[in-house]
There are 2 protein chains.
Amino acid sequence: MISVFDSGIGGLTVVKEIVKQLPGMPVLYLGDTARTPYGNKSPETIRQYALQDAQFLISQGATMIVVACNSASSNAYQLLTTNYKLPIFDVIIPAARRAVALTKKKRVGVIGTRATIGSRAYEKAIQTIDPNVTVIEHACPIFVPLIEEGWAKKGETTRIVKLSLQGLKTKNIDTLILGCTHYPIIRDIIQVKISKRVKLVDPAEEVVKELAQYLKTHPKLAQSLRSTEDHRFMVTDVTEHFQAIAQSWLNRSVKLEKISFQ
Amino acid sequence: MISVFDSGIGGLTVVKEIVKQLPGMPVLYLGDTARTPYGNKSPETIRQYALQDAQFLISQGATMIVVACNSASSNAYQLLTTNYKLPIFDVIIPAARRAVALTKKKRVGVIGTRATIGSRAYEKAIQTIDPNVTVIEHACPIFVPLIEEGWAKKGETTRIVKLSLQGLKTKNIDTLILGCTHYPIIRDIIQVKISKRVKLVDPAEEVVKELAQYLKTHPKLAQSLRSTEDHRFMVTDVTEHFQAIAQSWLNRSVKLEKISFQ
């Protein structure tokens with residue numbers, strides 16, 4: 001099965017893309033809701049958690065892994081690929097490629113959690129592809145709780161988004177990476193506040209495009225991933241709140257299975 | 001040593017009270033920053049974390065424990081007192097006592113995280129003391145991230161506090177418990193938005209008053225807690241951000257020691 005892990009429920013935006021772009025391929029999802037969020041934790045702690053997440057998915061029969069969480073992708077991707085031999089996809093590289101393809105002014109903005117921005121992973125990925133692109137990164141740590149706590153559609157969030165993007169707005173970027181799984185939920189607000197002329201890149205979309213491309217060139221693997229089974233949603237902690245968000249984001253009923261690493 | 005644990009850095013408001021009310025008594029602090037926050041986790045997960053926190057403090061020589069975290073106090077206090085024989089203080093009971101003493105209309109409001117409000121621990125504690133007091137509880141999960149992310153003094157926070165307290169404002173309460181360690185940081189905003197006539201109860205203040213009272217009647221224990229040693233701040237994850245908040249809240253330099261439960 002295609003397996004996806006995330007620090008919590010944000011990675012469901014990647015599942016949504018898989019359902020859209022790769023119908024007939026069920027997903028094994030793991031959300032580490034007992035320790036969520038990762039974005040305010042240190043690189044060492046995020047790496048330890050990401051290894052446990054991947055190890056668990058492999059023990060459950062994962063044949064490929066998508067690291068949906070930007071904080072984990074940016075701090076642990078290299079470690080994961082060193083430790084495990086199955087195909088692992090991160091959200092950083094596909095989004096970086098897309099941003100480089102889109103930017104005409106060669107000026108790309110990135111917003112994300114403190115852990116993602118602190119790692120400078122997007123900057124490194126973009127400049128590996130094209131060293132002439134200037135990358136301006138900015139942490140927006142308050143967006144995730146606003147979205148998770150149901151404030152996405154309120155005026156205060158619009159105002160906080162506006163204030164948070166003010167600095168970036170003066171930097172003459174023409175492309176902006178939404179470097180956190182939650183941000184597509186407030187994509188319209190971000191688009192208006194950063195400027196309608198700035199092109200937005202959603203890493204969830206990009207990683208699933210890359211996954212689809214990979215499967216085209218690996219038809220045997222693709223065939224083995226097809227099944228009539230339903231998706232499985234595993235979490236390290238179950239709360240009514242997570243359950244409600246999961247259902248509302250995926251627009252379907254979701255049964256969360258509680259698992260433990262011990 | 002007096003030991004204090006919390007889901008993260010919020011419990012430093014309790015340390016501040018100990019420094020004020022019990023000078024000369026160093027504190028052994030444990031913040032579970034690798035898994036913070038607890039307020040959005042399930043009761044089962046909070047109980048498991050609280051047991052690990054207490055066990056660790058005992059292994060470090062704790063002779064009494066203050067559960068600074070409202071989410072842990074409300075979901076795990078009984079379990080902790082069943083499992084451990086040393087004196088354990090929670091923040092719920094002292095704050096409930098104070099609220100009952102203050103309310104004239106016999107109508108008390110409580111704000112807190114989803115886990116604290118979901119447990120109904122404040123309601124139970126208040127009604128055990130005085131069954132005639134009506135308790136109106138309301139979760140304000142967005143306050144903690146706003147405070148931790150540095151938005152406490154911005155207009156958007158004032159507006160969010162106003163909107164969050166709107167329902168409670170119509171309930172004719174005359175006393176409000178600030179049922180989360182972070183809330184005293186925005187006490188002035190809460191006071192203005194709920195009404196200047198409503199009396200606010202800060203559980204950190206109340207638990208330390210109770211602790212001081214207990215030590216008066218246990219002079220031998222009190223004597224053993226006196227020392228010229230400095231406070232110790234242990235955390236399960238160290239980030240620059242936590243370090244900065246800790247120093248700004250305590251208004252002194254703070255060296256965070258990273259510890260691990262394994």
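Predicted model: local features only at pLDDT ≥ 70, side-chain atom pairs only at ≥ 80, totals over all residues.

Student: OK. How many residues of chain A are in contact with chain B?

Tutor: On the chain A side there are 32 residues, and they are in contact with 32 residues of chain B.

Student: And how much area do the two chains bury between them?

Tutor: About 2,400 Å², with 56% of it on carbon and sulfur atoms. In chain A, the residues that lose the most area to chain B are Ile142(A), Trp151(A) and Glu156(A), which together give 21% of what that side buries.

Student: Why give an area at all?

Tutor: The accessible area lost when the parts come together is often used to state the size of an interface.

Student: What about charges, how many salt bridges go across the interface?

Tutor: The rule finds four salt bridges there. In one between the two chains, Arg114(A) pairs with Glu149(B), and the closest N and O atoms are 2.3 Å apart. The rule also finds 14 residue pairs in polar contact across the interface of chain A and chain B.

Student: Which elements of chain A give two or more residues to that side?

Tutor: They are α2 (43–59), α7 (143–148), α8 (155–169) and α12 (240–250) of chain A. The largest share, five residues, comes from α8(A). By type, the residues on the side of chain A that touches chain B divide into twelve nonpolar, eleven polar and nine charged.

Student: How are the two copies related?

Tutor: A rotation of 180° with 0.0 Å of shift along its axis superposes chain A on chain B, with an RMSD of 0.0 Å. The two copies are therefore related as by a two-fold rotation axis. In chain A, the C-alpha of Arg35(A) is the one nearest the axis, 2.3 Å from it. Both copies use the same surface, since 100% of the contact residues of chain A recur in chain B.

Student: Switching to single residues. Where is Thr236(B)?

Tutor: Thr236(B) is in the loop between β9 (232–235) and α12 of chain B.

Student: Buried or exposed?

Tutor: Thr236(B) counts as buried, because its relative accessibility is 8% and the cut-off for buried is under 20%.

Student: What does Thr236(B) touch?

Tutor: Leaving out residues up to four places away in sequence, its contacts include Thr45(A), as well as Asp32(B), Arg35(B) and Phe261(B). A polar atom of the Thr236(B) side chain also lies 2.8 Å from the backbone nitrogen of Ala34(B).

Student: And Asp32 in chain A, where does that sit?

Tutor: Asp32(A) is in the loop between β2 (27–31) and α2 of chain A. Asp32(A) is buried, with a relative accessible area of 0%. Not counting residues up to four places away in sequence, Asp32(A) touches, among others, Asp6(A), Tyr49(A), Asp53(A) and Thr236(A).

Student: What about Thr113(B)?

Tutor: Thr113(B) is in the loop between β5 (107–112) and α5 (114–119) of chain B. Thr113(B) is buried too, at a relative accessible area of 9%. A polar atom of the Thr113(B) side chain lies 3.1 Å from the backbone nitrogen of Thr116(B).

Student: Back to salt bridges. How many are there over all chains?

Tutor: A search of the whole structure finds 26. One of the pairs is Lys209(A) with Glu206(A), where the closest N and O atoms are 3.3 Å apart.

Student: How far apart are Lys209(A) and Glu206(A) in the helix?

Tutor: They are three residues apart in helix α10 (residues 203–216) of chain A, so about one helical turn separates them. Lys209(A) is partly exposed at 36% relative accessibility, whereas Glu206(A) is buried at 8%. Arg98(A) joins Glu206(A) and Lys209(A) in a network of salt bridges.

Student: Which pair links distant parts of chain B?

Tutor: Asp130(B) and Lys106(B) are one such pair, with the closest N and O atoms 2.6 Å apart. Asp130(B) is in the loop between α6 (121–129) and β6 (134–139), and Lys106(B) is in the loop between α4 (92–102) and β5, 24 residues apart. Asp130(B) counts as buried at 11% relative accessibility, and Lys106(B) as partly exposed at 33%.

Definitions and conventions:
Residues numbered from 1 in each chain as written. Chains lettered and ligands numbered in written order. Heavy atoms only, no water. Contact = heavy atoms within 4.5 Å. Buried area = accessible area lost by both parts, 1.4 Å probe. Salt bridge = Lys/Arg side-chain N within 4 Å of Asp/Glu carboxyl O. Polar contact = N/O pair within 3.5 Å; in protein donor to acceptor, adjacent residues only side chain to side chain. Helix = DSSP H or I, 4+ residues; strand = E, 2+ residues; numbered from the N terminus. Nonpolar A, V, L, I, M, F, W, Y, C, P; charged D, E, K, R; others polar. Least-squares fit on C-alpha atoms with pLDDT ≥ 70 in both. Buried < 20%, exposed > 50% of the residue type's maximum accessible area, 1.4 Å probe, protein only.
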